Amino acid sequence: MRKATFFWSAAVLLSLWELFGEPMFAEVTTVVCTSGAPLEMPPPGPLAEAAEFLGDRLTLLEPVLLAMAASWAIRSRVRPGVAMPGRALAASPAVLGLAVALLPTALAEAEDRLSPEPPLWWRECLEAQLPSPSYAVPRLLLAWLLSPAAMVVLAGIAGAGIRPRLTDLRNAGTAAVAIVLAALLPGALAGLPDNADGTPRYAVVGGWDMPYVLDLESGEPVSRLPGATRTYARYDLVVRDTEPGHYVAALTSPTGRYFRLYRLTMAPDGRVTVGERLTPTLEGTVNGLAVSSEGRIAYSRMTDGDDYVGTLEREWPASGHGLQWLDARTLALPGHSVPVKTLAALDVGTGEIRNVAAPAEHEFTRPLLVLPDGRQLRALGWPTRTLVLHEGTRLVKKVLALDCGHIESLALAPTGRHLLVGVDREAEEMDRTPLAGLPPCGGAASQLLRLDLESGDARVVPGEQEPWVQAW
């Protein structure tokens, strides 16, 4: 019985340490979060409040309750000449002690899951200033082995007089592995969520150094995009890769004079991680990024006096602002100066730039988007208010015409049928002239539209959204 008494005593002492000792040595961090807009924190519901209340009380009472369970276990031990109690009765103190040791943690987890998430900007502010929790396996194992719950389990085993055999340890290990796999596999096997029309539910929106993942169904931000390093943490361009949930991004230095390309991966919950670095540090400002259907990556950069277009293998001197892949080896260069009714195209096999036939444009033209079937989507006008679809030089149809505001950005869904349109509904002074067009729309300053290119149906993403959408 000495072993059982030792483990019960350890459980009580460890619970006292967690309650009184750890707070004395905990590192205190001051967090300051500011916002230019009112910060509305959603209040917790009654179930979350009840879980918090019970968890706080049980945490305070845990040493006392464990001491009572220990006293019960020791006083009810088997004495010589006394009949052996039933197995359930003998195990009751350990079951009670285990419940007392685990319930505060379970209630804290329940409170976290039942409480509404605070605004993204608040979460990001906290994560940026608080130290990251350690997920090192030896540290986690040590924490569990030195927890009151582990001591209660060992006390129960010692009190029952059980000597674990090798087969018991093997079965326990198998059960632990099965539990871990059951918890992790569903998340690992689950794909990215979709909208009702089959389009991806998440999109990367926001420009400069503040891009984030947006839930298009709810209109709520999900997570910020993380930096690759301390130096390369600002995003200029993000484009979709060939696989769902995978992206290629250009991250720039604080001065904006250098950049690198990285791969990104989005988890089913919308969290993004930075993966493989694709290029060395490149000089200049990136102003074009595209991935072909075969996965070939192209970019364009602008230095103080020169422009370059490149793939991961080589570069060419050319202006590639808004570049797009026309096919497996041809890049369209909408920003390259060409005669009327033509479009500059770069052959990445030979490096030759030639002019190909293009529709005659009567208005200023923004960079085009190439659909998977080869058709080309063009945004026209200044301010840009019209979207048209071409097949070669033939006009297929006008897909969108705004009567106020202007189109700020476009992003295609993987199938090419649906389009996200970022609309700036305000108008600057130069946009209010009779030549430019109409005044601002009123109401929301900006919005995102989900547009079906086949039917023409448009759906507004809930909330006032950033007009700069990067990838879908």
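**Close-up views of a predicted model**

**View 1. The loop residue Lys341 between strands E14 and E15****.** In this predicted model, Lys341 sits in the loop that connects strand E14 (330-333) with strand E15 (342-347). The residue is not a glycine, yet its phi is positive, at about 65 degrees. Lys341 counts as exposed because its relative accessible area is 53%, where the cut-off for that class is over 50%.

**View 2. The hairpin of strands E4 and E5****.** Strand E4 (residues 234-240) and strand E5 (residues 246-252) run antiparallel and are joined by six bridges, one of the pairings being that of Val239 with Val248 in E5. Five residues separate the two strands of the hairpin, and in this turn Gly245 adopts a positive phi of about 80 degrees. Strand E4 is mostly covered, with five of its seven residues buried.

**View 3. The bend in helix H2****.** Helix H2 (residues 46-75) comprises 30 residues, and the distance from its first C-alpha to its last is 40 Å, close to the 44 Å expected at 1.5 Å a residue. At Leu61 the helix bends by about 55 degrees, and the proline Pro63 follows within four residues. Pro63 is itself buried, as are Glu62 and Leu66, and the buried residues of H2 also include Ala48, Ala51 and Gly55.

**View 4. The span and buried residues of helix H6****.** The end C-alpha atoms of helix H6 (residues 148-159) are 16 Å apart, which agrees with the 16 Å that its 12 residues should span at 1.5 Å a residue. Its buried residues are Pro148, Ala149, Ala150, Met151, Val152 and Ala155.

Key:
Residues are numbered from 1 along each chain as its sequence is written. This is a predicted model: local features need pLDDT of at least 70, side-chain atom pairs count only at pLDDT 80 or more; totals for chains, interfaces and linings use all residues. Side-chain values use heavy atoms; hydrogens and water are left out. The expected span of a helix is 1.5 Å times one less than its number of residues. The bend at a residue is the angle between axes fitted to the seven residues ending there and the seven starting there. Buried means under 20% relative accessible area, exposed over 50%, partly exposed in between (1.4 Å probe, protein chains only). Two strands pair if DSSP finds at least two bridges between them.
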